[in-house]
Amino acid sequence: MKIYVVRHGETNFNVKNKISGISEAMLTDLGKKQALNAKEKLKDIHFDKVYVSPLQRAIDTANIITNQNKIIDQRIKEIDFGVYEGMDTSTKEFQQTKYNLGVRFPQGETFLEVVHRVYSFLDDVTSKDDEVILVICHGGIIRTINSYFYDMTNDDFFYYRTQNCDIKIYDFKK
């Protein structure tokens, strides 16, 4: 099995350094160009399935990258940052809560809850060795996907970053 994972294109929240979690953020013109660039890089790959987060920025990115049918999966939506949604990303309390994987964002989720749902998704989609799939989602979800395939310390997890429309590739054999 081979899994290609793409983060959505740049959004208006990214430009303003706003916490977007489950908040709807729209692709910028640059975000659309990033998705076109990803499309070009992936053009020769046949995907057996395409999974997409239910958030609009991921759906819009997916629609630019491929015309294939898409499977919307709630388990790969971004983390719910609760009361921090829409705030500046440098907010001290947000950063402290973000580092502590088992601490709930007020009115939101913990990263451990996100890990549970993303690992459940990955357990389901990695059941067929011969498939090639595309997953279009979010930075926090890609961080979690990476932790499924590679051991990560708390620091590794906290500091792991992907750029908009980065393409990560995971080869997986059961």
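**Loops, helix packing and enclosed space**

Cys165 sits in the loop between helix 7 (154-159) and strand 5 (167-171), where helices (H or I, at least four residues) and strands (E, at least two) are DSSP runs numbered from the N terminus. The model is a predicted one, in which local features need pLDDT of at least 70 and side-chain atom pairs count only at pLDDT 80 or more, while totals for chains, interfaces and linings use all residues. Residues are numbered from 1 along each chain as its sequence is written, and side-chain values use heavy atoms, with hydrogens and water left out.

Back to Cys165: its phi is near 65 degrees, a positive value in a residue other than glycine. Most residues other than glycine have a negative phi. With a relative accessible area of 8%, Cys165 is buried; here buried means under 20% relative accessible area, exposed means over 50%, and partly exposed is what falls in between (1.4 Å probe, protein chains only). Gln107 belongs to the loop between helix 4 and helix 5, and it counts as exposed because its relative accessibility is 70%.

Next come the helices. Two packed helices are described by the angle between their axes and the distance between the axes. For helix 5 (residues 111-125) and helix 6 (residues 139-149), the axes come within 9 Å and cross at roughly 65 degrees. Axes here are lines fitted to C-alpha atoms, for helices over the stretch in contact, with angles running from 0 to 180 degrees between N-to-C directions. The crossing of helix 5 and helix 6 is right-handed, a label used if the near helix is turned clockwise from the far one by less than a right angle, and left-handed if anticlockwise. Helix 5 brings Phe111, Val114, Val115, Arg117, Val118, Tyr119, Leu122 and Asp123 to the contact, and helix 6 brings Ile141, Arg143, Thr144, Ile145, Ser147, Tyr148 and Phe149; contact means heavy atoms within 4.5 Å. Sorted by class, this contact has 10 nonpolar, two polar and three charged residues. In that scheme Ala, Val, Leu, Ile, Met, Phe, Trp, Tyr, Cys and Pro count as nonpolar, Asp, Glu, Lys and Arg as charged, and the others, Gly among them, as polar.

Two residues on these helices deserve a look of their own. Phe121 lies in helix 5 and is buried, with a relative accessible area of 0%. Leaving aside neighbours within four places in sequence, Phe121 is in contact with Tyr51, Asp73, Arg75, Ile76 and Val135. Asn146 is part of helix 6 and counts as buried, at 9% relative accessibility. Not counting residues up to four places away in sequence, Asn146 touches Met152, Tyr160 and Tyr170.

Helix 3 (residues 56-65) has Arg57, Ala58, Ile59, Thr61, Ala62 and Ile65 as its buried residues. These pack against strand 1 (2-7), helix 2 (29-42), strand 2 (49-52), strand 3 (71-72) and strand 4 (132-137).

As for Asp130, it turns up in the loop between helix 5 and strand 4 and counts as exposed, at 68% relative accessibility. Asp130 and Met1 are 129 residues apart in sequence, yet their C-alpha atoms are 5.0 Å apart in space. Apart from residues up to four places away in sequence, Asp130 touches Met1 and Asp48.

On a 1 Å grid over the protein atoms alone, a cavity is a set of points where a 1.4 Å probe fits but cannot get out, and a pocket is an open set with protein on both sides within 12 Å along at least five of seven lines; lining residues have an atom within 4 Å of a point. Grid points are joined across faces, edges and corners, and a volume is the space filled by probe spheres set on the points.

The largest pocket holds about 550 Å³ of space. Its lining runs to 27 residues, with Arg7, Asn14, Thr89, Lys98 and Arg161 lying nearest its centre. Helix 1 (12-15), helix 4 (92-99) and helix 6 each supply at least two residues of that lining. By class, the pocket lining has seven nonpolar, 13 polar and seven charged residues.

The structure holds one cavity of 30 Å³ or more, and the largest cavity has about 30 Å³ of space. Lys98, Leu101, Phe111, Arg143, Phe157 and Phe158 line the largest cavity, a lining with four nonpolar, no polar and two charged residues.
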